[in-house]
Amino acid sequence: MLILLSDAVSTMSVADVMPAISSVGSLGFAIWFAYYTTTTTLPTQQKQHQEQLEKITETHAQTIKELVAELRLGREAYDRWRQGTH
């Protein structure tokens with residue numbers, strides 16, 4: 001058995017081994033990329049998106065409150081004007 005192995009190793013060249021190393025390297029990179037994407041990139045993007053959404057929601061709520069207050073003032077001014085003329 002050892003003789004067969006030594007014959008196989010002596011006839012191998014770097015060109016014969018490179019496709020296997022490249023395949024393992026590509027697979028390793030794909031696994032690392034999937035791991036990094038799911039553990040770092042996606043959670044970071046989700047957190048940033050959530051923070052931006054909260055800011056937009058707060059701004060929207062504040063704008064609505066200001067518009068409602070402005071409409072109330074307009075309505076009160078209209079009611080005072082109407083009561084004074086009729």
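Patches are made of residues with over 30% relative accessible area and no salt bridge, with like charges joined within 9 Å and nonpolar side chains (Val, Leu, Ile, Met, Phe, Trp, Tyr) within 5 Å. The structure is a predicted model, in which local features need pLDDT of at least 70 and side-chain atom pairs count only at pLDDT 80 or more, while totals for chains, interfaces and linings use all residues. Residues are numbered from 1 along each chain as its sequence is written, and side-chain values use heavy atoms, with hydrogens and water left out.

**View 1. A nonpolar surface patch is made by F29, W32, F33, Y35 and Y36.** The patch covers about 600 Å². Accessible areas come from the Shrake-Rupley method with a 1.4 Å probe, and for residues only the protein chains shown count as cover. Helices (H or I, at least four residues) and strands (E, at least two) are DSSP runs, numbered from the N terminus.

**View 2. F29, W32, F33 and Y36 form one aromatic cluster.** Rings of Phe, Tyr and Trp (its six-membered ring) pair if their centres lie within 6.5 Å; planes under 30 degrees apart count as stacked, over 60 as edge-to-face and the rest as tilted. The whole structure contains four aromatic pairs. Among them is the tilted pair of F29 and W32, with 5.8 Å from centre to centre and 35° between the planes. Both F29 and W32 lie in helix α2, three residues apart, about one turn of the helix. F29 is exposed, with a relative accessible area of 51%, whereas W32 is partly exposed at 45%; buried means under 20% relative accessible area, exposed over 50%, and partly exposed in between (1.4 Å probe, protein chains only). The ring centres of W32 and Y36 are 5.3 Å apart and their planes lie at 15°, so this pair is stacked. W32 and Y36 are separated by about one helical turn because they stand four residues apart in helix α2. Y36 is partly exposed, with a relative accessible area of 36%.

View 3. T37 counts as buried, at 19% relative accessibility, whereas P43 is partly exposed, with a relative accessible area of 36%. A polar atom of the T37 side chain lies 2.7 Å from the backbone oxygen of F33.

**View 4. The side chains of D79 and R75 meet in a salt bridge.** A salt bridge is a side-chain nitrogen of Lys or Arg within 4 Å of a carboxyl oxygen of Asp or Glu. Side chains of opposite charge can pair when their charged atoms come close. Between D79 and R75 the distance from N to O is 3.4 Å, and a search of the whole structure finds one salt bridge. Both residues lie in helix α2, four residues apart, about one turn of the helix. D79 is partly exposed, with a relative accessible area of 29%.

**View 5. The protein as a whole has two helices and zero strands.** Of its 86 residues, 1% count as buried. The accessible surface comes to about 8000 Å², of which 66% belongs to carbon and sulfur atoms.

Technical notes. Polar contact = N/O pair within 3.5 Å; in protein donor to acceptor, adjacent residues only side chain to side chain.
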